[in-house]
Amino acid sequence: MLNFELKNPTKIIFGKGEIAKLTNEIPTDAKILMLYGGGSIMKNGVYHQVKEALKQHQVEEFGGIPANPEYEVLMDALKVIKEKNINYLLAVGGGSVIDGTKFLVAAANYNGEPWDILKQQIRTYEGDALPFATVLTLPATGSEMNSGYVISRRATGEKLSSGGPGLFPLVSILDPEVIRTIPKHQIANGIADAYTHVLEQYMTYKTAATLQDRFSESILQTLQEVAPKVLAENFDYDSAANFMWCCTMALNGLIAKGVPTDWAVHSMGHELTAQYGIDHARTLAIIAPSHYRYYFENKKEKLAQYAERVWNICEGSTEEKAIKGIEQLEQFFHNIGIKTKLSDYTEEYSETAEKVQKAFEERNWLGIGEHKALTPQDAFKIVEMSY
Ligand code: NZQ
Ligand code: ZN
């Protein structure tokens, strides 16, 4: 097992009706900016619950943060923060609103061009950012309990990530009731995103981190178990609750400790969102099977372990089990209604691999993945295999 440090300061308040507890979590003398997306919170009662909880607080609002949070929109929010002397941010939304908020709490105290934080990968340390809390409305990214974020800039076709230990939410409220109003295709996205988060921290090479492997496998199995129930017409609270907690646990730092991690699927996937606007989770389902086929030799031990422990495929050689593991993964995405080829999403894909290679070269990403060996040329080949 690799050496590690673990500190996750986010307080989680989990359960039905718990949004009301915001009242006691944010100091009454805070000048709050409440941030949200395109309006789903107006329709499902979450806006009302938050306002009710904060009726003794000073709250300004900024709505309209789009999916794949847009830099230009966030620059407008930054103006509001400065003009109104805001000193506490509250994100009410999914990963996009929470990520946008993380960028803003970092940018608010940064003296320089805010885009440089992303371009130059400037990390935000404890005490560097404004304090913030979240009310999660869409389980998927784990952003409610981690310190990373991803921002898009449509004008330049970029989608970049950054983070740092100063960017954990102080408190996040997770009420599974919010899942009632999420469109089914977004729930499928959440399942696929969380599932791939686990794979990025698991599908590498065999190590002695036995407990970490079993944590990962249990999250994968739980997601598989609840997927049909959260996608069914009837709302089932316990399935929703398990789904929500899986998504948080998949990317709150715990399962990454002591093990090698990959994250190349995300790096290539972000380029597909930047080029085509394809939903984040779907880009992962496009890339992951090809990535595992391309790196079959490196990853076959872990692929076979995945097939055996997660899908109960116990017959055959390591190679045979590993191949079946990839097939099961593809089938799982299909079963939740997610297609796994780039050509399922766009007809204009012929130059995609070249563009991804170029973007990697420009950023000097010359060796990523668990062995730091995936070159821009490898990315070209993996993306081409995903057509
Ligand atoms: O904008 P509104 O109207 O709120 O609608 C949203 C949005 O259209 C809707 N929605 C959210 N909660 C709802 C709801 N609709 C009905 N009822 C509810 N309760 O869902 C749509 C998608 O929301 P979004 O926040 O964009 O989705 P998600 O949570 O999947 O976030 C995606 C973003 O997170 C980044 C992605 O790259 C992408 O930009 N990621 C962030 C990570 C992190 N911070 O750790 C890791 C991930 O790998 C990912 O990269
Ligand atoms: Zn993701």
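Analyst: Helix α4 passes α5 in a right-handed crossing; this and everything below refers to a predicted model. The axes of α4 (residues 71-83) and α5 come within 10 Å and cross at roughly 50°. Angles from 35 to 65 degrees fall between the roughly parallel and roughly perpendicular classes, and α4 and α5 are therefore oblique to each other.

Helix α5 leads on to the ligand. The shell around ligand 1 holds 33 residues, of which Gly38, Ser40, Ser96, Asp99 and Lys159 come nearest. Two of these, Ser96 and Asp99, fall within α5, which covers residues 95-108. By class, the shell has 20 polar residues, 10 nonpolar ones and three charged ones.

Asparagine 44 instead uses a polar side-chain atom, placed 3.4 Å from a nitrogen atom of the ligand. Histidine 266 also brings in a polar side-chain atom, here 2.9 Å from an oxygen atom of ligand 1. As for cover, ligand 1 exposes 960 Å² when taken alone, and the protein buries 87% of that area. The elements that each give two or more residues to the shell are α5, β6 (148-153), α7 (184-200) and α10 (264-276). Histidine 266 lies within the residue range of α10.

Helix α11 (residues 280-294) packs with helix α15 (residues 376-385) at an angle of about 125°, their axes being 8 Å apart. These two helices are therefore oblique to each other, and their crossing is right-handed.

Technical notes: Residues are numbered from 1 along each chain as its sequence is written. Chains are lettered from A and ligands numbered from 1 in the order in which they are written. This is a predicted model: local features need pLDDT of at least 70, side-chain atom pairs count only at pLDDT 80 or more; totals for chains, interfaces and linings use all residues. Side-chain values use heavy atoms; hydrogens and water are left out. A residue is near a molecule or strand if one of its heavy atoms lies within 4 Å of it. A polar contact is a pair of N or O atoms within 3.5 Å; within protein, one must be able to donate a hydrogen and the other to accept it, and residues adjacent in sequence count only if both atoms are side-chain atoms. Accessible areas come from the Shrake-Rupley method with a 1.4 Å probe; for residues, only the protein chains shown count as cover. Helices (H or I, at least four residues) and strands (E, at least two) are DSSP runs, numbered from the N terminus. Ala, Val, Leu, Ile, Met, Phe, Trp, Tyr, Cys and Pro count as nonpolar, Asp, Glu, Lys and Arg as charged, and the others, Gly among them, as polar. Axes are lines fitted to C-alpha atoms, for helices over the stretch in contact, and angles run from 0 to 180 degrees between N-to-C directions. Angles under 35 degrees count as roughly parallel, over 145 as roughly antiparallel, 65 to 115 as roughly perpendicular and the rest as oblique. A crossing is left-handed if the near helix is turned anticlockwise from the far one by less than a right angle, and right-handed if clockwise.
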